[in-house]
Amino acid sequence: MNKKRGQQSVVFSIPPILKATAAIAGPMEGEGLLAGYYDQVMEDDLAGYDNWEKCESYMMEQAVTTAVKKSGHFMMDIDFLLAGDLLNQLIATNFAMRSLGRPYLGLYGACSTMAESLMIGAMLLDGGFGNKVVATVSSHHNTAERQYRYPTELGVQRPLVAQWTVTAAGAVVMENGTDGPKVTAATIGKIIDAGIKDPNTMGPAMAPAAVDTIWQHIQDIGREPAYYDMIYTGDLGKVGKELVIRLFREKGIDISRNYEDCGCMIYREDQDIHSGASGCASSAAVLCAYLYPQLAAGKLKKILFVGTGSLHSQTSYQQKESIPCIAHAIAVEV
Amino acid sequence: MVSMDGKREEQTFNEQYQRMVDEIKPKPTLMKNLIWAFFIGGLICTIGQVFQNYFIGLSLTKKEAAAATSAVMIFLGAFFTGLGVYDELGQRAGAGSVVPITGFANSIVAPAMEFKREGYVFGIGAKMFVIAGPVIVYGLITAVVSGFIYWLLR
């Protein structure tokens with residue numbers, strides 16, 4: 001049976017379940033809105049390692065082993081790991097995978113990687129290629145900052161539209177089963193470039209991609225946005241969220257009542273991070289620490305989880321290119 | 001023809017969207033930023049002046065005192081960067097802490113600290129001037145050009 005629907009979507013005939021999740025966060029995130037929800041909060045942003053990159057690898061490794069332990073399985077039971085981060089050549093991920101010793105596919109979708117890895121994981125499981133898959137991502141404020149922007153100790157003023165890269169990692173164990181929240185459908189995004197060039201305004205750059213994917217999902221699967229209890233985008237922040245609501249209003253749809261952005265769910269207002277959270281771990285931390293327990297407890301029944309990524313590099317913006325963006329959506333239902 | 005129309009349509013969407021973004025984007029808190037920059041910048045310069053007067057009091061010539069003051073201010077900028085304070089200051093004071101010579105020290109020490117992990121040669125040595133490098137290059141060019149003009153007019 002063909003599982004493709006419409007232009008960009010798939011529905012799963014045997015929907016895989018999310019068996020367990022784990023999230024580990026940095027100290028600032030640990031004091032934020034989701035305080036108390038993380039499996040582990042680090043005391044500082046090095047966790048005893050001599051550089052931030054090693055700390056990021058440690059976070060991912062820790063998230064994966066914790067999630068696998070919570071799922072009741074052993075690492076050896078995991079058929080595939082699908083993982084990614086923000087760093088060049090996925091180094092945080094590659095070093096985390098070195099010690100985990102399981103078959104692994106590295107994915108780069110910038111901050112959309114959590115949704116991307118869950119989607120591909122669900123396809124592998126529904127396709128009968130394995131029984132247990134782990135999807136995981138990480139991001140670290142300082143590793144991202146030094147790669148994409150300035151040295152962290154440089155005294156520059158961040159604009160109010162800027163977002164703060166989340167220091168955290170999240171991991172999800174997926175398997176073929178019946179008992180748990182199911183991944184029922186997914187929509188693969190296409191690159192949308194609305195011509196935004198300033199890498200400080202990533203939320204606004206990604207908002208049109210999120211709108212395009214959600215819109216396409218509705219068309220392909222034949223559902224209204226109101227079908228979902230909540231639609232969550234990954235890391236658009238305050239400004240991006242407002243833009244998504246406006247762009248949908250222009251299409252004659254009001255999504256303001258059942259729409260939230262993960263980037264607005266991590267930090268408190270008084271943490272002075274300006275427009276919200278960003279990074280792979282923005283959507284991953286919210287999904288793994290907060291949304292999954294809500295779904296497992298039946299407090300949320302149907303969500304659309306939309307990972308959003310801005311796929312620029314330092315080279316591309318120095319060459320004055322605009323920011324190509326992508327969004328991937330997965331529907332998780334109890 | 002179709003693709004050209006498509007391109008035009010995309011362009012108008014992008015223009016409209018940019019306007020929408022500009023409308024929603026939080027405006028910089030100009031007055032607050034100006035006040036912070038004025039007072040922090042002023043404070044840094046006052047500290048510099050205190051040192052300069054002190055050095056003149058030690059019977060240094062004005063030129064010698066200026067050099068000694070620069071050295072002290074560069075040290076302070078570097079020191080507070082090392083303590084992790086200068087970036088917090090810069091976040092509030094903006095140009096108030098970037099423009100004085102302490103900001104220049106910060107722009108060299110910050111990358112030096114950051115890239116120490118990549119070693120003394122390819123880390124500190126190669127990356128120390130990533131921020132200050134352009135300032136030095138164009139500063140030197142400006143000095144040469146203005147020196148040349150001065151020589152012509154003299």
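Colleague: Which strand does E11(A) pair with over three bridges, and in what sense?

Modeller: Two strands pair if DSSP finds at least two bridges between them. In this predicted model, strand E11 (residues 230-233) of chain A is joined by three bridges to strand E12 (residues 259-261) of chain A, in the parallel sense. Tyr232(A) sits opposite Glu260(A) in E12(A). As for the names, helices (H or I, at least four residues) and strands (E, at least two) are DSSP runs, numbered from the N terminus.

Colleague: How does the chain cross from E11(A) to E12(A)?

Modeller: Look with the strands pointing away from you: a crossover is right-handed if the path from the first strand over the helix to the second runs clockwise. Here the chain goes through helix H7 (residues 237-250) of chain A, and this β-α-β crossover is right-handed.

Colleague: How many bridges join E11(A) to E14(A)?

Modeller: Four, and E11(A) runs parallel to strand E14 (residues 302-310) of chain A. Met230(A) stands opposite Ile303(A) there.

Colleague: What forms a salt bridge with Lys238(A)?

Modeller: A salt bridge is a side-chain nitrogen of Lys or Arg within 4 Å of a carboxyl oxygen of Asp or Glu. The partner of Lys238(A) is Glu269(A), with the closest N and O atoms 3.1 Å apart. Lys238(A) lies in helix H7 of chain A and Glu269(A) in the loop between E12 and strand E13 (277-278) of chain A, so this pair ties together parts 31 residues apart in sequence. Lys238(A) is partly exposed at 40% relative accessibility, while Glu269(A) is exposed at 65%.

Colleague: Where do Glu23(B) and Arg246(A) lie?

Modeller: Their side chains meet in a salt bridge (2.9 Å, N to O). Glu23(B) is in helix H1 (residues 2-24) of chain B and Arg246(A) in helix H7 of chain A, so the pair joins two chains. Arg246(A) counts as partly exposed, at 25%.

Colleague: What about the ground rules?

Modeller: Residues are numbered from 1 along each chain as its sequence is written, and chains are lettered from A and ligands numbered from 1 in the order in which they are written. Local features need pLDDT of at least 70, side-chain atom pairs count only at pLDDT 80 or more, and totals for chains, interfaces and linings use all residues, while side-chain values use heavy atoms, leaving out hydrogens and water.

Note on methods
Buried means under 20% relative accessible area, exposed over 50%, partly exposed in between (1.4 Å probe, protein chains only).
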